Amino acid sequence: MKNLLLILALALTFSSVQAQEKAARKLPAAEIKTLDGKVINTSTLNNNGKPVIISFWATWCKPCITELINIADKYEQWQKETGVKLIAISIDDARNSIKVSPFVKGKGWDYDVYLDQNQDLKRAMNVNNVPHVFLLNGNMEIVWQHNSYAEGSEDHLFELVKKVAAGEQISATE
Amino acid sequence: MRYLFSILLLFAASQFTFGQSEGNTLQIHGDIQFDAQYYRADSLIGAPEVPEKILSNAVGNFIATYGNFTAGVRYESYLGPLQGIDPRYRGSGFPYRFVTYSDGRFTFTIGNFYEQIGSGIILRTYEDRNLGFDNSIDGVRLKMNVIKGVAVKGFVGRQRTFFDLSPALIRGADVEVTVNDLDSGINIPGQLIIGAGAVSKFQRDEDPSLILPENVGAVSGRFNWVFPSLNIYGEYAYKANDPSLTNNFRYNRGESAFLTISYTKKRFGLSVSGKRVDNMDFRADRNAVGNNLNINYLPALTKQHTYALAGTIYPYAIQPLGEMSGQIELTYNLPKGSALGGKYGTSILVNLSGVNNIQRNSLNDDSTTRIGYESPFFGIGKQKYFRDYNIEISRKLSDKVKASVTYLHLFYDIDVIRGLSSQGTVTADIAIADVTWKVSKKHILRFEGQTLQTKQDLGSWAMGLIEYSFGSKFYAAIIDQYNYGNSVADQQIHYITGNFGVNLNTTNIRCSFGRQRAGIVCVGGVCRNVPASNGVQISITSSF
C-alpha cells in the first residue's frame, strides 16, 4: 500500500513532467570543496556565458586521467577558440582527496578542480561511473553528456563545444 | 514515514501544476544499474554450484527538483544478490527516499541522507554499489550557514542495514569555521579552516553478563591551513569506551589522528602523511561485523591500485582496531622537449607506504576492567602489516603511441589483513607495462602485460590483455591471468575472459564471459571478496 502510494506519486510527477520535455536541465545545487578545503555551492559556478565542460574523475581512474591529459594538451587552443572552461570534479574520498591537489599540480593541469568527497554532486547528477563528462551551455544548462572515454573522443567533444559556443542547438544523442 | 514521503511527493507534483507561472520548472532525472550473472559450477577454481543459475542486482534512482525542493527515491532489487554481495540483501524495496529544502543558507532534509564529518573518522555515510555498501542515515538533518564563514549542521536518525534500520540511534553535529571569512579583524597568513564534530549512538544494553554503555560518544577536531604552495591538514578523533563484538567487548577508549602536509609547484607535487588508529571500529550495532552498520570511515593510507594484479590480489584493508601508517607520494612531470622528458614530456609518480601495528602493553585485565592494553600515542609496534613501494612512469612516444610502466614491491601480512590464521606473509614484486596504440582516428589498440613474482601464497602470476576500441562506442578485450607459479600443479590455471561493451553516450552495456579469478575489490576503505566464478556477466548502466 505504502509502495503503491509512492509509485502513484512518482507516476503523477512523471506525467506532469512530460509536458516539460523541452525544459533545459540546470546544473543541480550541491556543496563541493575547492582544493583549499573551502566549501562552495555549485550554483555559484559559471563561465560568463561561455560553455562549460564538467568532468567527473578520480585519481584511481585510468581512463579519466588519460582523458584529462589528452584535453590538457589542447586546452589552451580550446579556450582561445571558444572560451570554454573545464571543471574537473574529483570523486576521490578521504583516502585520496588529500592527494588530489599535489596530483593536479604535478600533472600541470590548468583546470578548475573541485572535490566531491562524499559524492553529493555525483549523486545529484546521476553519475554511475567515472569518467563522465557533461557539456553545459553559457546558462549552465546541461546540453550533452557522455560516460566512458576512448582515446581521441575529446575531438568529438570539442566539435560540440564549438557548436554550443556558436549558440547552436545540439541533441543529447550527438 | 513512507506515507509522509508519498504525500510530500504528491504535494511537490501538485505544486508543479499550479506553480508554473513562478518560473520554476519541475525536472526529473535518474539513473539505473542492472547486473546479472549466469553461473556455472567449476570445481577446479572453487566456483560453487548456484541453484538459481542466474543472479541479478538492480538499482533505479529518481530525483525530482522543483525550485528549492529536491526529492528522490531509490529502488533496489537483489534477486538474489550476486556472489560476493552480502546475502542479507536478498529482496526488493525502496531503502532510500528523501525530500530536501534548500535556500542556499538553510538546508533541511527528511528521509535518507549521506553525511560526512571532517574526513569521516567519526562519521561518514555513503553508498558504493559495486561493493554492496550503503550506510545512509534515515532521519532528519539541518544545515545552516549561520554567519559568513561559519557553517553548522546537525542530524538524528537510524542507519540503513540491508532492508532494515540499525538498532542504535545516531545523533551528530558539526561546526566548520573559515577563519579568514570572519569579520574578526584578525589577520592570519594563508587560509585557515577549523572544524569540530560530535557523534553519539544509543543502543540498549541487553547483555546478561556485561554492563555495557548505552550511549557512546565520539568527538573530533580538524584544521586545514593552506598557503600558495603548502597545504597542511590535521585531524584528531576520540571515542569513548565502546565494547563491541569486533573489539572483543573491551572497554578501552578509541583514538585516531591524521596529519598530511603537501607541497606543490608547477609540475611538481609532494604529499607526506602519517596516521594512528586505535580501537576506532564504530558501529550502529555493537554486534555487527563485516561491512555492516559502520558509522565512521577509516581510509587506508596506501595507494589504491587499478591494475588487476596490483589491485585485487594483495590490496591493503585498514585495521580499525589498531595501526600506525605513513605514506609519501610524489608526482613530477618532466617538461616537453627536455633531455629526459622527450618530445611530449614524461610523467613520474612515486608512492611509498607502510603500516605497522600499534605498540600495546598488555594489562591482563580481561576478567576485571577489560581495558585490554595501554598504547603510547607515538608507539609504533614491531609487527609489519603492509609495505608498498611503487613507481609509475608514463610517456607519449609518438602521436600514435603512449606507454606506461609500473613497478611495485609489496609486503602483505595475510593473517592480519584478511583476518585468517597461519597463512603467513607474502613478499611480491609486480611489473606492469601498458601500451596504447592509436592505429587511426577511430581504431585504438591497447596492450597490458603484468607479472606478479612471489614464492609464497599462490605463487607467481602473469597476465596479458589485448583491447580493441572503435571510437568510444564499442570495445572488446581478451584477458588471460595465468597462475603459473602455483605449487599445486592442477591449480596452474589460465583465467581467460572475453569482454565487450557498447557505450551510447549515457548508456553502457558490458558483457564478459569465462573464468573469473577470486579477488578482492576495494574502493576507499571498504573491501569485498569476489569469489571465483565461471559464466557470463552482463552489466547495464544508464542515466537520464
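How many salt bridges does the rule find across the interface of domain 2 of chain B and domain 3 of chain B? The rule finds 1 there, where a salt bridge is a side-chain nitrogen of Lys or Arg within 4 Å of a carboxyl oxygen of Asp or Glu.

## About the model

This is a predicted model, in which local features need pLDDT of at least 70 and side-chain atom pairs count only at pLDDT 80 or more, while totals for chains, interfaces and linings use all residues. Residues are numbered from 1 along each chain as its sequence is written, chains are lettered from A and ligands numbered from 1 in the order in which they are written, and side-chain values use heavy atoms, with hydrogens and water left out.

## Domains 2 and 3 of chain B

Let us start with how chain B is divided: domain 1 covers 1-102, domain 2 covers 113-298 and domain 3 covers 303-544, with bounds that come from an automatic or database domain assignment. The C-alpha centres of domains 2 and 3 of chain B are 28 Å apart. In contact terms (heavy atoms within 4.5 Å), 34 residues of domain 2 of chain B meet 36 residues of domain 3 of chain B. Together the two domains bury about 2,800 Å², 52% of it on carbon and sulfur atoms; buried area here is the accessible area (1.4 Å probe) that two parts lose on being put together, summed over both. On the domain 2 side, L131(B), R267(B) and R276(B) lose the most area to domain 3 of chain B, together 24% of what that side buries.

D366(B) and R250(B) form a salt bridge through their side chains, at 3.7 Å from N to O. The interface of domains 2 and 3 of chain B also has 17 residue pairs in polar contact, both residues at pLDDT 80 or more. A polar contact is a pair of N or O atoms within 3.5 Å; within protein, one must be able to donate a hydrogen and the other to accept it, and residues adjacent in sequence count only if both atoms are side-chain atoms. Strand 14 (254-265) and strand 15 (268-278) of chain B are the elements that give two or more residues to the domain 2 side, and strand 15 of chain B gives the most, with 11 residues. Strands (E, at least two residues) and helices (H or I, at least four) are DSSP runs, numbered from the N terminus.

## Where chain A meets chain B

Between the chains, 67 residues of chain A are in contact with 90 residues of chain B. The area buried between them is about 6,700 Å², with 52% from carbon and sulfur atoms. The count of salt bridges between chain A and chain B is 9. D181(B) and K38(A) pair in a salt bridge, at 3.3 Å from N to O. There are also 32 residue pairs in polar contact between chain A and chain B, both residues at pLDDT 80 or more. Helix 1 (residues 2-18) of chain A gives the most to the side of chain A that touches chain B, with 12 residues.

## Salt bridges within the chains

The whole structure holds 41 salt bridges over all chains. In chain A, R123(A) and D120(A) form one at 2.9 Å, N to O. Both residues lie in helix 5 (residues 120-124) of chain A, 3 residues apart, about one turn of the helix. R123(A) is buried at 15% relative accessible area, while D120(A) is partly exposed at 27%; buried means under 20%, exposed over 50% and partly exposed in between (1.4 Å probe, protein chains only).

In chain B, D134(B) and R74(B) form a salt bridge with their closest N and O atoms 2.7 Å apart. D134(B) lies in strand 7 of chain B and R74(B) in strand 3 (residues 69-78) of chain B, so the pair ties together parts that are 60 residues apart in sequence. D134(B) is buried, at 7% relative accessible area, and R74(B) is buried too, at 0%. Salt bridges that share partners join D31(B), R74(B), E76(B), E127(B), R129(B), D134(B) and R160(B) into one network.

## A look at R105(B)

R105(B) sits in the loop between strand 4 (91-102) and strand 5 (106-113) of chain B, and is partly exposed at 45% relative accessibility. Leaving out residues up to four places away in sequence, R105(B) touches K143(B), M144(B), N145(B) and V146(B). A polar atom of the R105(B) side chain lies 2.6 Å from the backbone oxygen of V146(B).
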